[in-house]
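Here is a friendly walk through the model for someone meeting it for the first time. Please keep the 3D view open as you read the points below.

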Amino acid sequence: MTAPTPPAARPVRVRYAPSPTGDPHVGNIRQAIWTWLYARHTGGTFIVRLEDTDQTRMVPGSLERILDSLRWLGLFWEEGPDIGGPHGPYVQSQRLPLYHAATDRLLAEGKAYRCFCTPEELDAMRRRQQEEKRPPGYEGRCRVIPPAESEARAQYEPFVIRFAVPREGSTTVEDLLRGPVTVENRTLDDFVMLKSDGFPTYHLAHVVDDTDMEITHITRGDEWLPSAPRHALLFDALGWQRPVFVHMPIILAPGGGKLSKRHGAKSALEYAEAGYLPDALLNFLCITGWGHGDDTVLSREQLIEVFDIGDVSMSPATFDTEKLNWLNGVYLRQMPEPELAELFARRLELDLPPDVPRPIDRALVLEFTPLIRERVQLLADVAPLVDFFYQSEVPTPPVEQFLAKRWRGHAGEAADALEAAAADLDACAEWEAEPLEAALRATADRIQAKAGDLFTLVRLAVTGKAVTPPLFESMAIVGAGPCVDRVRAAAAAIRAST
RNA sequence: GCCCCCAUCGUCUAGCGGUCAGGACGGCACCCUUUCAAGGUACAAACAGGGGUUCGACUCCCCUUGGGGGCACCA
């Protein structure tokens with residue numbers, strides 16, 4: 001008889017196994033990323049399996065949202081709920097017979113037993129344990145019920161099926177990242193495998209499915225580490241090979257502590273809406289909690305090439321929004337201009353006021369894209385940067401607070417300067433950035449003002465704000481008529497306000 | 001309360017017995033400059049503490065401290 005091939009030596013088959021309880025948050029998604037990368041890196045298979053064994057927590061539409069999240073990030077799967085595969089179905093609620101077969105066998109072999117304790121009784125037990133300062137956990141009252149009696153009571157009493165954990169000895173689980181983890185069996189209680197509604201608990205379901213689906217590596221959050229020995233015991237009791245366990249750390253909120261909605265712990269889809277690029281989020285999530293030498297910016301292809309799941313950090317990492325934003329900017333700047341312009345245009349459809357005609361004029365976007373591409377971190381940054389291109393008149397600029405020193409308290413002189421600029425601009429034959437700059441520098445010279453001071457005034461007048469894309473290029477896009485009008489209007493407004 | 005895991009700059013990390021402890025984000029300063037960015041250059045910034053092991057510990061072991069997680073008919 002030849003020994004079965006150990007999981008670590010078989011072609012990699014890994015899975016992402018979410019519950020349909022809402023949109024997966026980024027911590028969860030990071031596990032999907034790592035798992036997917038490992039599959040791609042090893043030429044293995046990436047599987048999606050829906051763990052919907054808790055009827056009470058189901059959130060309608062979750063599955064589609066989960067799959068959409070994966071698709072948006074480009075994490076495609078070879079087997080899954082939507083496309084099936086050789087080990088389907090990939091939805092646990094459709095696999096009940098498999099779980100029942102497992103418990104039947106365990107029951108017959110005396111490795112599991114029916115428990116008739118009511119929720120109230122269990123509650124009372126827990127309260128007692130707490131009062132007496134004893135560790136909580138099922139104490140095995142129903143473990144001693146004779147099989148015949150158990151069989152009989154099962155006909156008319158509700159029950160769950162518990163795994164009979166060996167009382168003696170200890171169990172050692174080999175974790176890929178940490179090595180052996182040992183716990184004393186007496187600290188493990190007889191956990192529930194099958195609920196009274198006939199659905200399995202996670203403990204049973206994943207052991208059955210990971211075996212049936214020939215999963216080689218169980219990648220999951222390290223909140224599962226403490227119960228991994230139970231799972232190991234279950235694999236053993238069923239006579240199945242234990243896969244390789246890989247328990248990966250969680251993500252912490254910026255201030256420390258658990259990542260919550262407050263701290264920007266959004267779902268992947270929310271990052272999409274906020275204007276992040278999938279490749280940037282993928283890169284960022286992958287490198288928080290994992291590192292590769294001195295490299296920070298790593299493309300999808302590079303990640304696939306260098307990622308090794310064994311290099312994942314064992315300690316929890318803090319979510320660094322600033323770094324994510326920076327990375328997003330890097331990816332934006334790397335993008336070819338036409339593609340970037342199209343992205344901007346589509347985003348503008350969402351962000352620009354409704355009175356701007358749709359579809360957004362692509363030619364215009366193409367014109368200002370080179371002016372703003374280095375000034376955008378998130379797609380949501382675009383609209384406030386370019387809105388003045390779309391306004392027929394610009395809001396009265398808050399001139400006073402931006403006035404150069406020489407004009408403070410002398411707003412009239414600022415108005416004069418603007419007036420002079422308007423006249424020269426009006427006379428300017430060519431509305432290209434270069435001539436415009438030359439003209440305004442000449443104006444400044446003539447009225448004995450600093451060029452920068454005058455530029456600031458004109459910027460305020462033309463765009464309505466102090467921070468804008470490059471002035472002369474922007475003016476060329478806005479056009480001669482509107483620009484001169486805006487400068488004149490601003491001069492008048494300043495005069496009126498003094 | 002019991003059990004398990006973790007610990008390098010503020011943050012993410014490289015290091016895998018002998019390094020000036022490296023990189024990135026962020027910070028600060030300067031350069032560039034019509035604003036803001038982008039870019040360039042420089043600087044500040046870490047091995048939690050205590051014991052061992054060793055010729056030699058960031059690296060290996062133990063304790064303390066700190067952080068995280070688990071102890072459901074939830075996953």
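1. Let us begin with the RNA. Helix α18 gives the largest share of the surface near RNA strand B, 4 residues. Helices (H or I, at least four residues) and strands (E, at least two) are DSSP runs, numbered from the N terminus.

2. A word on the source: this is a predicted model, in which local features need pLDDT of at least 70, side-chain atom pairs count only at pLDDT 80 or more, and totals for chains, interfaces and linings use all residues. Residues are numbered from 1 along each chain as its sequence is written, while chains are lettered from A and ligands numbered from 1 in the order in which they are written.

3. Thr318 lies in strand β11 and counts as partly exposed, because 16 C-beta neighbours lie inside 10 Å. The scale is this: a residue is buried if 20 or more other C-beta atoms lie within 10 Å of its own, exposed if 12 or fewer, and partly exposed in between, with C-beta atoms placed from the backbone. Leaving aside neighbours within four places in sequence, Thr318 is in contact with Leu252, Pro254 and Gly256. Contact requires the C-beta atoms of two residues, placed from the backbone, to lie within 7 Å.

4. Back to α18, now with its helix partner. Helix α16 (residues 411–427) packs against α18 (residues 451–463) at an angle of about 80 degrees, and the axes are 10 Å apart. That makes the two roughly perpendicular. Angles under 35 degrees count as roughly parallel, over 145 as roughly antiparallel, 65 to 115 as roughly perpendicular and the rest as oblique. Axes are lines fitted to C-alpha atoms, for helices over the stretch in contact, and angles run from 0 to 180 degrees between N-to-C directions. Ala414, Ala417, Leu418 and Ala421 of α16 meet Leu454, Leu457, Val458 and Ala461 of α18. These contact residues divide into 8 nonpolar, no polar and no charged.

5. The axes of α1 (residues 26–42) and α9 (residues 278–287) cross at roughly 90 degrees and come within 9 Å, which makes α1 roughly perpendicular to α9. From α1, Val26, Ile29, Arg30, Ile33, Trp34 and Leu37 meet Leu282, Leu285 and Cys286 of α9. This contact has 8 nonpolar, no polar and 1 charged residues.

6. Next comes a sheet. Its 3 strands form an open sheet in the order β3-β4-β7, with antiparallel pairing. Two strands pair if DSSP finds at least two bridges between them.

7. Helix α7 (residues 228–237) is largely enclosed by the rest of the structure, because 7 of its 10 residues are buried. Its cover includes β4, β5 (170–175) and β9 (244–248). Just after α7, Gly239 takes a positive phi of about 75 degrees.

8. Finally, some backbone details to check. Cis peptide bonds join Gly88 and Pro89, with omega about -5 degrees, and Arg358 and Pro359, with omega about -5 degrees. Lys133 has a positive phi of about 55 degrees although it is not a glycine, and Lys133 is exposed.

Definitions and conventions. Ala, Val, Leu, Ile, Met, Phe, Trp, Tyr, Cys and Pro count as nonpolar, Asp, Glu, Lys and Arg as charged, and the others, Gly among them, as polar.
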